[in-house]
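The entries below keep the order in which I looked.

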Amino acid sequence: MMLAVIIGLTLAPLLSWIIYWTYRVQYFEKYLKNVPGTTGLPLFGHAFELNSPRKITEFIMKYYRLYNTNFKMYIGSQAYLNVTEPEDLEFFMTSTTNLKKSDLYNYIQPLVGQGLATSSGSRWKKHKKIILPAFHFDKFEKYIDVFNTHSDILVTKLAQESQKEDVDIFPFVICYTLDAICETIMGTHFNAQDDHNSKYVSSINLLIDIIVKRVFSPFLSSDVLYPFSITYWREKFTLKAVHTYTRSIIANRKQELLRNIREDEDSISSRKDEKKTKNKMFLDLLLDYSQSDNTLTDEQIREEIDTVMYAGHDTTASAISFTLYCLSKHPEIQRKVYEELKAIYADDLKRKTTYKDLPEMRYLDMVIKESIRMYTPAPMIGRMIEEDTEWRGIILPKGLMIAFWLYCTHNSVNCGEDFEKFNPERFNVDVSKDRHPFSFVPFSAGPRSCIGQKFAMLEMKCTISAILRRFELCPPTFEQPMVLTAAVVLKPKDGIYIKLKSR
Ligand code: HEM
């Protein structure tokens with residue numbers, strides 16, 4: 001009797017799982033049977049092949065080479081349509097209906113809440129309108145001052161390291177991008193470059209590790225089972241540290257603004273003054289708005305700040321580091337960039353970069369684009385079909401996940417027959433004009449494209465130019481194959497080693 005109960009208790013969940021899996025796969029396959037790809041292993045789909053961030057780009061590229069077009073895959077009973085073709089990216093990215101961000105974004109929500117990158121509908125529209133002026137070009141001169149200050153620190157740190165044989169530049173660059181984003185959006189000195197071990201830096205790194213772990217673990221990815229894990233409690237504890245830090249900055253800044261208002265009677269009316277709004281940075285814009293509309297709460301402001309802090313530092317650090325890596329491997333291309341910089345900075349290569357210099361860096365612009373083509377910082381972005389949608393003569397059913405594999409689109413003939421070659425010339429307008437406009441979309445496109453695209457390009461040019469004017473970048477003495485990890489942002493698994501020679 002006892003044995004029968006035990007067997008029953010063991011078999012019942014397994015049986016329910018089998019029934020559920022069969023039902024779901026049949027539901028999706030009714031619509032997707034003609035889409036290239038398979039359902040993978042019974043019950044698991046392709047979960048085992050995708051079980052680590054290190055394998056994910058290899059796995060996706062393997063299937064992309066096999067099918068040479070968009071293809072489906074399954075994780076458990078959940079179907080994914082992997083979209084790789086430019087015309088299909090255009091179809092989905094420009095769609096304003098029937099798509100929401102995929103459930104994969106739930107894992108970053110504990111960190112960023114319902115900030116711009118994860119929210120939708122009226123909240124997203126309202127917040128985007130408030131935030132947008134922070135990314136207007138009239139702010140850029142001020143931002144460039146910040147990039148100059150922090151790239152000076154970065155160059156000094158790298159100069160100290162350059163005595164070593166090979167330098168892993170990635171940890172230095174990531175602390176730099178944290179400092180830069182913190183000061184530009186909140187006006188606060190973060191000092192990550194001077195304090196690698198600061199609680200905030202280690203907390204953010206830990207939270208990113210936890211997000212990655214959750215994405216790939218069947219146990220941790222389950223909302224029911226997750227609270228029973230130690231990781232859950234570590235996440236809670238770490239989030240508290242990060243959110244407390246952001247809240248304290250918001251509270252201090254609020255006090256400061258209130259003090260200014262009291263001191264300057266005109267300030268209240270001048271808040272409506274467009275000129276003053278133009279000078280406001282990200283946090284001030286949100287705080288200002290919340291004074292006249294209390295539906296924008298301090299907690300919502302905290303979510304927007306945490307969103308931009310995260311979205312604005314990790315991607316840019318990856319892009320800067322991979323560009324430096326590509327330049328170290330291609331001395332001829334590096335020499336051309338250096339020649340361009342010499343022409344722009346005339347006889348004073350040590351002077352600060354100005355806003356006017358940046359459009360002159362045409363070749364560097366092409367080099368950065370080529371690097372982020374090959375090493376796409378956001379390799380995949382996800383959506384979910386909210387209502388049955390017609391696409392290429394078939395119906396995509398509600399609940400289907402869509403993965404835009406920008407990494408595949410960029411590393412294929414969509415970007416030219418010689419796509420395996422590092423060739424900045426492919427971004428020469430005469431060459432690129434014949435390609436599909438959605439064959440290169442590292443910042444996405446359409447209504448949910450990156451709000452920080454121009455900011456990121458300016459920051460990358462400023463930083464890379466500061467490093468190149470000071471050092472010649474050479475391949476490391478002990479060269480290792482580059483191993484990529486792709487969980488949220490594409491990163492080097494074992495760092496990026498470069499030999500730095502002072503100029
Ligand atoms: C090389 C650097 C960067 C790359 C490659 C990049 C890429 C992207 C991509 C692909 C998206 C679309 C994500 C999606 O649809 O789910 C996005 C959205 C976003 N990015 Fe960036 N990004 C970069 C830098 C930045 C910077 C510097 C900031 C802020 C200062 C920023 C803030 C955002 C925000 C707030 C969103 C959400 C926009 C919305 O949904 O309305 N990003 N980014």
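The entries that follow concern a predicted model.

Entry on the helix. I looked up α14 and found that this helix runs over residues 331–345, with 15 residues in all. From its first C-alpha to its last, α14 reaches 21 Å, which is close to the 21 Å expected at 1.5 Å a residue.

Entry on burial. I then asked which residues of α14 are buried, and they are Val-337, Tyr-338 and Leu-341. Because these residues cover an arc of only 100° around the axis, they sit on the same side of α14. I noted the background to this: an α-helix has 3.6 residues a turn, so residues three or four places apart point the same way. On the other side of α14 I found Glu-332, Arg-335, Glu-339, Lys-342 and Ala-343, which are exposed.

Entry on neighbours. Looking for what covers the buried residues of α14, I listed α13 (298–329), α16 (362–374) and α19 (453–470) among the covering elements. Just after α14, I noted that Ala-346 takes a positive phi of about 50°.

Entry on the ligand. I looked up the shell around the ligand and found 24 residues there, the closest being Ala-311, Gly-312, Thr-315, Cys-450 and Gly-452. The elements that give two or more residues to this shell are α13 and α19, and α13 gives the most, with 7 residues. By type, I recorded that the residues of the shell divide into 15 nonpolar, 6 polar and 3 charged.

Technical notes. Residues numbered from 1 in each chain as written. Predicted model: local features only at pLDDT ≥ 70, side-chain atom pairs only at ≥ 80, totals over all residues. Helix = DSSP H or I, 4+ residues; strand = E, 2+ residues; numbered from the N terminus. Expected span 1.5 Å × (residues − 1). Buried ≥ 20, exposed ≤ 12 C-beta atoms within 10 Å, placed from the backbone. Arc of directions from axis to C-beta. Contact = placed C-beta atoms within 7 Å. Near = placed C-beta within 6 Å. Nonpolar A, V, L, I, M, F, W, Y, C, P; charged D, E, K, R; others polar.
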